[in-house]
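Please examine the sequence and the three-dimensional structure shown below. A short report on the architecture follows the display.

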Amino acid sequence: MSAFSFDGSKALEEAAAFGRKLADGVKAVAAIGDVQVGCSAKDAVYAEDKLTVYRYQPLAADAGLPPVLLCYALVNRPYMVDLQQDRSLVRGLLERGLDVYLIDWGYPDGADRFLEIDDYVNGYLDRCVDQVRQASGHAAINLLGVCQGGTFSLCYTALHPEKVKNLVLMVTPVDFQTPENLLSRWAQDLDVDRMVDVMGNVPGELLNVTFLSLMPFRLTSQKYVALADIIDDTRQLENFIRMEKWIFDSPDQAGETFRQFIKWMYQENRLMKGTLELGGRKVDLRAVRCPVLNVYATQDHLVPPSASIPIEGRVGTDDYQTFAFPGGHIGIYVSGKARQVPKAVFEWLDARR
Amino acid sequence: MSERDPQSAWLDAWAATQKDLWQRFLTGQAPAPAAPEAPGLAMFNQFFGQSLPESSQDVTRRMLQFGEGYLGVAREFWKVVEAMPAGGADPGRLQKEVEALRSSFADGFARLYGTGPLGGDLLAAWQRMGAAAGGTAGQPFSWPGLPALGPTRERQEAMERLGRAALRYQQALAGFSQLLTRVSAEAVERLAKRVTRRAQSNEPIGSFRAMYDLWVDSGEEAFAAAAHGAEFAKAQSELNDALMELKAEQHKQVEDWARSLDLPTRTEMNTVLKRLNTLRRRVRELEDELDALKQARRP
């Protein structure tokens with residue numbers, strides 16, 4: 001019995017072919033040039049400090065629904081929701097006649113280190129919502145929160161329920177202490193006070209490496225080796241480069257917000273325990289009485305389903321629905337199956353116009 | 001990119017050299033090197049990296065880095081295959097193969113990847129942050145434990161604290177690195193078990209790529225087992241705490257120096273920023289109150 005069925009000629013063939021592919025791959029990547037991210041036309045309609053609110057130009061006749069405001073996470077850049085024409089949550093919504101706005105939080109710098117979650121939720125987000133309400137003439141709008149932006153949107157809806165008609169949450173954590181949540185495991189022992197006191201803002205690079213080290217062999221080594229398989233496909237190669245650009249485009253995190261998010265969410269699980277207060281007001285998720293659609297990814301290693309699913313038991317609405325996307329935290333925007341998501345979101349909103 | 005492009009010519013030459021290298025390994029004209037053996041790739045990055053389009057630079061660097069790692073894995077694997085005698089009649093052959101695999105990979109992977117794929121990114125990130133904090137590493141400081149005396153006592157004590165913090169950080173970095181090395185060793189053990197299972201199921205490994213994918217699965221599994229454990233979280237948090245202590249000590253020294261020259265310090269900036277934030281919040285509250293009053297007065 002032998003573990004290998006391998007001879008010299010096969011070995012030579014395979015090694016030489018890989019070397020050739022690697023060299024050709026480098027040429028192909030260089031030849032592609034700078035890739036563009038963010039494919040849909042949009043106009044800046046509001047700006048404050050580092051943030052900008054964009055309104056996307058319509059792609060179809062108005063479906064007559066209240067506008068949708070996308071609230072992205074502070075981690076990474078929001079163009080993930082509109083990465084390229086055939087992989088765009090935004091485009092999927094626009095094509096169905098929705099009026100779509102997006103908050104781009106920008107890149108915080110040293111002057112933003114004392115911004116708190118309260119500033120983001122009751123300050124920036126509230127003013128963005130007001131801008132969209134005013135521009136559209138709707139007293140309440142549809143709010144779509146993504147990941148950490150979903151957590152912020154959930155808090156916002158609990159504190160300002162009259163301004164949100166429907167709440168859509170995508171890969172949003174609410175229970176930060178489930179056993180399979182590796183980020184949470186690591187966060188428990190973190191002396192975040194000392195970290196923020198010393199560093200001020202938390203470097204995006206540190207967060208990035210932390211995310212990659214959740215699955216280090218696959219997310220670093222293997223995916224670049226697998227790149228050799230697609231070097232003949234310019235389209236796939238461009239997609240890969242766009243994703244790379246997004247993955248490593250990581251803004252620093254405002255220090256105080258980072259401190260509060262780690263302590264209050266990961267270490268103290270305040271949303272689940274009902275002990276979170278923002279701006280002197282208790283965030284009572286039972287105050288979320290508008291319809292809620294919870295979209296989570298079944299293979300999400302950053303926000304495991306177990307972190308999202310408990311939203312159901314916490315919010316006060318009797319119109320709650322889930323959409324379990326068969327994929328991961330990033331695949332929900334860019335995989336082949338991602339087209340399901342805007343369709344599901346639109347149909348759900350359309351039924352609650 | 002035309003064929004006469006120097007970048008293309010370089011890459012073509014590199015691919016041809018690789019093929020030639022493998023030809024010589026396989027015909028026994030040259031021993032397979034244990035470590036990455038393609039300086040051409042590093043040189044390509046050095047010479048041409050900056051001239052590539054911006055969004056391609058990082059992808060190219062990583063492709064070359066991990067592509068070379070892959071070829072290194074292939075060389076380790078080939079050494080194991082090559083060491084086995086021809087013919088499969090030996091009943092102890094599988095055990096010998098697995099032993100050879102374990103020995104070659106345990107040693108070879110440490111050289112190929114240092115502390116595993118993490119070594120390239122995670123430790124480097126910590127080291128970069130440590131390097132920023134270690135700007136005073138070349139300056140003399142009192143040895144910890146010796147009493148500080150005389151009019152420069154406070155200065156000596158500050159340097160002692162900095163020295164202790166630097167030592168703690170180096171120890172924490174070494175401890176974390178050792179932990180990652182153990183993960184690599186565990187990955188090899190898991191790989192050996194996978195290879196044995198494949199052989200027992202009559203599914204022998206027939207390509208470098210299959211072997212590499214098995215190693216990735218083994219590595220990921222070993223890492224996940226460690227990363228969910230208390231020891232890993234503790235080592236990681238000790239590294240973080242040690243780095244923060246070092247940065248804090250250095251920060252104090254830089255601020256002392258800045259104050260002596262009447263330069264603004266981060267502490268003063270923070271005070272101003274906090275006051276500004278408080279003012280902004282207060283103005284917002286007043287604006288809201290004003291709006292509410294205006295609304296109430298409307299007929």
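The structure is a predicted model. Two chains, A and B, are discussed here, and the side of chain B that touches chain A is described in a section of its own.

## The sheet of chain A

Chain A contains an open sheet of eight strands, arranged in the order β1-β2-β6-β3-β7-β8-β11-β12, with mixed pairing. In general, the strands of a sheet pair through backbone hydrogen bonds, either parallel or antiparallel. Which strands stand at the edges of the sheet in chain A? They are β1 (42–48) and β12 (320–325) of chain A; each has a single partner strand, so one side of each is left without a neighbour in the sheet. From one strand to the next, the twist averages 20°.

## Strand β3 and its partners

Strand β3 (residues 68–71) of chain A runs parallel to strand β6 (residues 100–104) of chain A, and four bridges join the two. Within this pairing, A:Val68 stands opposite A:Val100 in β6(A), and A:Leu69 stands opposite A:Tyr101 in β6(A). β3(A) is also joined to β7(A) by four bridges, and these two strands run parallel. Here A:Cys71 has A:Gly145 of β7(A) as its bridge partner.

In a regular strand, side chains alternate between the two faces of the sheet. Are the residues on the two faces of β3(A) buried or exposed? Both faces are covered: A:Val68 and A:Leu70 lie on one side, A:Leu69 and A:Cys71 lie on the other, and all are buried.

## Helices packed in chain A

Helix α4(A) lies across β3, β7 (141–146) and β8 (164–170) of chain A, and its direction is at about 140° to β7(A). Helix α15 (residues 340–350) of chain A also packs on the sheet, where it touches β7, β8, β11 (292–297) and β12 of chain A. The direction of α15 makes about 170° with that of β12(A).

Two packed helices are described by the angle between their axes and the distance between the axes. Helix α3 (residues 117–136) of chain A packs with helix α4 (residues 148–159) of chain A at an angle of about 80°, and the axes are 10 Å apart. That angle makes α3(A) roughly perpendicular to α4(A). On the side of α3(A), the contact is made by A:Tyr120, A:Val121, A:Asn122 and A:Leu125, while α4(A) contributes A:Phe152, A:Cys155, A:Tyr156 and A:Leu159. Classified by type, these residues are seven nonpolar, one polar and no charged.

## The helical chain B

Chain B has nine helices and zero strands. Its elements therefore read α-α-α-α-α-α-α-α-α from the N terminus on. Of its 299 residues, 31% count as buried. Among contacts in chain B with a separation of 6 or more, 71% come from residues 24 or more positions apart.

B:Ser103 lies in helix α4 of chain B.

## The contact between the chains

The contact takes 71 residues from chain B and 59 residues from chain A. Several helices of chain B each supply at least two residues of the side that touches chain A, among them α1 (6–26), α6 (153–200) and α9 (266–297). Helix α3(B) gives the most to this side, with 17 residues. By class, the side of chain B that touches chain A has 36 nonpolar, 21 polar and 14 charged residues.

One helix pair spans the two chains. The axes of helix α1 (residues 8–32) of chain A and α1(B) come within 9 Å and cross at roughly 165°. That makes α1(A) roughly antiparallel to α1(B), and α1(A) passes α1(B) in a right-handed crossing. The residues making the contact include A:Ala15, A:Gly19 and A:Arg20 of α1(A), together with B:Leu11, B:Trp14 and B:Gln18 of α1(B). The residues of this contact divide into 12 nonpolar, six polar and four charged.

Methods
Residues are numbered from 1 along each chain as its sequence is written. Chains are lettered from A and ligands numbered from 1 in the order in which they are written. This is a predicted model: local features need pLDDT of at least 70, side-chain atom pairs count only at pLDDT 80 or more; totals for chains, interfaces and linings use all residues. A residue is buried if 20 or more other C-beta atoms lie within 10 Å of its own, exposed if 12 or fewer, and partly exposed in between; C-beta atoms are placed from the backbone. Two residues are in contact if their C-beta atoms, placed from the backbone, lie within 7 Å. Axes are lines fitted to C-alpha atoms, for helices over the stretch in contact, and angles run from 0 to 180 degrees between N-to-C directions. Angles under 35 degrees count as roughly parallel, over 145 as roughly antiparallel, 65 to 115 as roughly perpendicular and the rest as oblique. Ala, Val, Leu, Ile, Met, Phe, Trp, Tyr, Cys and Pro count as nonpolar, Asp, Glu, Lys and Arg as charged, and the others, Gly among them, as polar. Two strands pair if DSSP finds at least two bridges between them. A crossing is left-handed if the near helix is turned anticlockwise from the far one by less than a right angle, and right-handed if clockwise.
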